[in-house]
Amino acid sequence: MNVIEKTRFSKNQQEAFEFLSHMENYEQLMPDDTKSFEIHESGNGFAVQIGNLPKVGMKLKESTNPSKLVFESPSPNFEYYLTIDIEAFDESNSDVSLNFEGKFNMMIEMMAKAPLTKFIQTISMKLGNI
């Protein structure tokens, strides 16, 4: 399952990378019906609970300054990744691509596709509004 969203971010490439490297900044990108947002003890990830959905975690797997961040599931039970690519657009803007890739069985994918798509779309929209 793949969900890809792209948005223009009103920060240059380096500023965008720094913003997206700080986990506390993701709280402002979460949907309005977020029930909890917790930053992992390590500071390299977060867990979020949205609406009636179970809590979902993201752990920073790798980063390439200033162009890429890759998050992965902190749980071995589910395999998913969120790759954030940051490309310079001009001196004060960047294009940010969010690519969510989940390796789920068909049953989980059927249940998760719509909420995960909405989740990635919301992050993209809020990023574009900052």
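The structure is a predicted model, in which local features need pLDDT of at least 70 and side-chain atom pairs count only at pLDDT 80 or more, while totals for chains, interfaces and linings use all residues. Residues are numbered from 1 along each chain as its sequence is written, and side-chain values use heavy atoms, with hydrogens and water left out.

Aromatic rings are a friendly place to start. Rings of Phe, Tyr and Trp (its six-membered ring) pair if their centres lie within 6.5 Å; planes under 30 degrees apart count as stacked, over 60 as edge-to-face and the rest as tilted. The count by this rule is 8 aromatic pairs. In one of them, Y26 and F46 are stacked, at 5.1 Å centre to centre with 25 degrees between the planes. Y26 sits in the loop between α1 (13–21) and β2 (34–39) and F46 in strand β3 (residues 45–50), so this pair ties together parts 20 residues apart in sequence. Helices (H or I, at least four residues) and strands (E, at least two) are DSSP runs, numbered from the N terminus.

Y26 also meets F71: the ring centres are 5.6 Å apart and the planes stand at 80 degrees, so this pair is edge-to-face. F71 belongs to strand β5 (residues 68–72), 45 residues from Y26. Y26 has a relative accessible area of 3% and is buried, and F46 is likewise buried, at 3%. Here buried means under 20% relative accessible area, exposed over 50%, and partly exposed in between (1.4 Å probe, protein chains only). Together, Y26, F37, F46 and F71 form one aromatic cluster.

Strand β3 also holds Q49, which is partly exposed, with a relative accessible area of 24%. Beyond its neighbours within four places in sequence, Q49 is in contact (heavy atoms within 4.5 Å) with D33, T34, K35, S36, P54 and K55.

A pocket is found on a 1 Å grid over the protein atoms alone, as an open set of points where a 1.4 Å probe fits, with protein on both sides within 12 Å along at least five of seven lines; lining residues have an atom within 4 Å of a point. Of the 25 lining residues, L53, P54, V56, A112 and L116 are the closest to the centre of the largest pocket. Helix α2 (106–129) gives the most to this lining, with 7 residues.
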